[in-house]
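Trainee: I would like to learn how to read the features of a model that I have never looked at before. Could you take me through it step by step?

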Amino acid sequence: MENEQDIKEQDIKIKAKSMFKTIIEIIEIVIIAFALSWVIRTFVLEARLVPTGSMLPTIQLQDRIIVDKFFFKHFGDFERGDIIVFHPPSSAHSSDDFIKRLIALPGDTIEIKDHKTYINGQEVEEPYVMEPQIKNLEPLVVPEGSVFVMGDNRNSSADSREWGFLPIENISGMTLFRYWPLNHIGTID
């Protein structure tokens with residue numbers, strides 16, 4: 001009888017150890033998953049909801065996009081036409097990140113006249129603009145370390161025309177693709 005009792009007690013101890021080990025493994029997996037998720041979201045890729053219509057018609061209100069926060073900084077250069085996510089300068093009076101199109105690079109001269117954008121004296125073809133721009137902008141030279149950004153919905157966008165040049169260091173990412181709504185999934189042109 002003692003042997004049967006000892007065997008049962010040993011069995012219970014083995015099951016308890018196994019259960020405890022399983023719980024510890026689950027906790028480890030959850031902690032690693034959260035840490036990995038945090039690292040990826042903070043430094044590599046981030047899902048974003050577009051809260052405004054300043055990028056209409058290219059990006060719709062409430063679209064969900066994936067933003068590259070790593071590769072563009074380390075392996076690529078900015079180009080005119082890129083759609084970027086950034087922390088606005090203090091002159092924008094906002095703490096929320098913005099999404100806009102990069103229009104002019106450091107050293108470029110930008111001008112808006114007769115509803116058209118000119119970079120270094122050349123008219124820029126902008127098929128993505130929602131409607132002709134209402135206001136003109138006298139020629140400005142983009143300083144080193146900064147860029148000039150505008151929304152595609154030019155007449156309803158708070159951008160560089162309003163709050164000035166964007167320091168490159170404020171850029172946190174570049175849009176990769178839209179994942180929602182499903183009928184518009186794909187790259188953003």
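**Reading the core and its rings**

Mentor: Let us begin with one residue in this predicted model: Val149 touches Ile84, Phe86, Lys100, Arg101, Leu102, Ile103, Asp159, Ser160, Trp163 and Leu166, when residues up to four places away in sequence are left out.

Trainee: Which residues of the largest nonpolar core touch the most other members?

Mentor: That core has 13 residues, and those touching the most other members are Ile84, Phe86, Val147, Val149, Trp163, Leu166 and Ile171. At least two residues of this core come from each of strand 3 (83–86), strand 4 (98–104), strand 9 (146–150) and strand 11 (171–180). There is also a second, separate core of 11 residues, with Ala104, Leu137, Phe148 and Met150 among them.

Trainee: How is a pair of aromatic rings described?

Mentor: Such a pair is described by the distance of the centres and the angle of the planes. In this structure, a search of the whole finds 5 aromatic pairs, one of which is formed by Phe86 and Phe98, edge-to-face, with 5.8 Å centre to centre and 70 degrees between the planes. Because Phe86 lies in strand 3 and Phe98 in strand 4, the pair ties together parts that are 12 residues apart in sequence.

Trainee: What kind of pair do Phe98 and Trp163 form?

Mentor: Phe98 and Trp163 form a tilted pair, at 6.2 Å centre to centre and 55 degrees between the planes. This pair links distant parts of the chain, since Phe98 is in strand 4 and Trp163 is in helix 3 (residues 160–163), 65 residues apart.

Trainee: Why does Phe98 count as buried?

Mentor: The cut-off for buried is under 20% relative accessible area; Phe98 counts as buried because its relative accessibility is 16%, and Trp163 counts as buried because its value is 7%.

Trainee: Which charged residues lie over the face of a ring?

Mentor: Lys100 lies over the face of Phe98, at 5.5 Å from the ring centre, while Arg101 lies over the face of Tyr128, at 3.6 Å from the ring centre.

Trainee: Where is Asp63 placed, and is Asp63 buried or exposed?

Mentor: Asp63 sits in the loop between strand 1 (45–49) and strand 2 (64–68), and Asp63 counts as buried because its relative accessibility is 3%. The side chains of Asp63 and Arg178 are joined by a polar contact of 2.5 Å. Leaving out residues up to four places away in sequence, Asp63 touches Arg48, Leu49, Val50, Arg178, Trp180 and Pro181.

Conventions
Residues numbered from 1 in each chain as written. Predicted model: local features only at pLDDT ≥ 70, side-chain atom pairs only at ≥ 80, totals over all residues. Heavy atoms only, no water. Core = buried A, V, L, I, M, F, W, Y, C linked by side-chain atoms within 4.5 Å. Buried < 20%, exposed > 50% of the residue type's maximum accessible area, 1.4 Å probe, protein only. Helix = DSSP H or I, 4+ residues; strand = E, 2+ residues; numbered from the N terminus. Contact = heavy atoms within 4.5 Å. Polar contact = N/O pair within 3.5 Å; in protein donor to acceptor, adjacent residues only side chain to side chain. Phe/Tyr/Trp six-rings, centres within 6.5 Å; stacked < 30°, edge-to-face > 60°. Lys NZ or Arg CZ within 6 Å of the ring centre and 35° of its normal.
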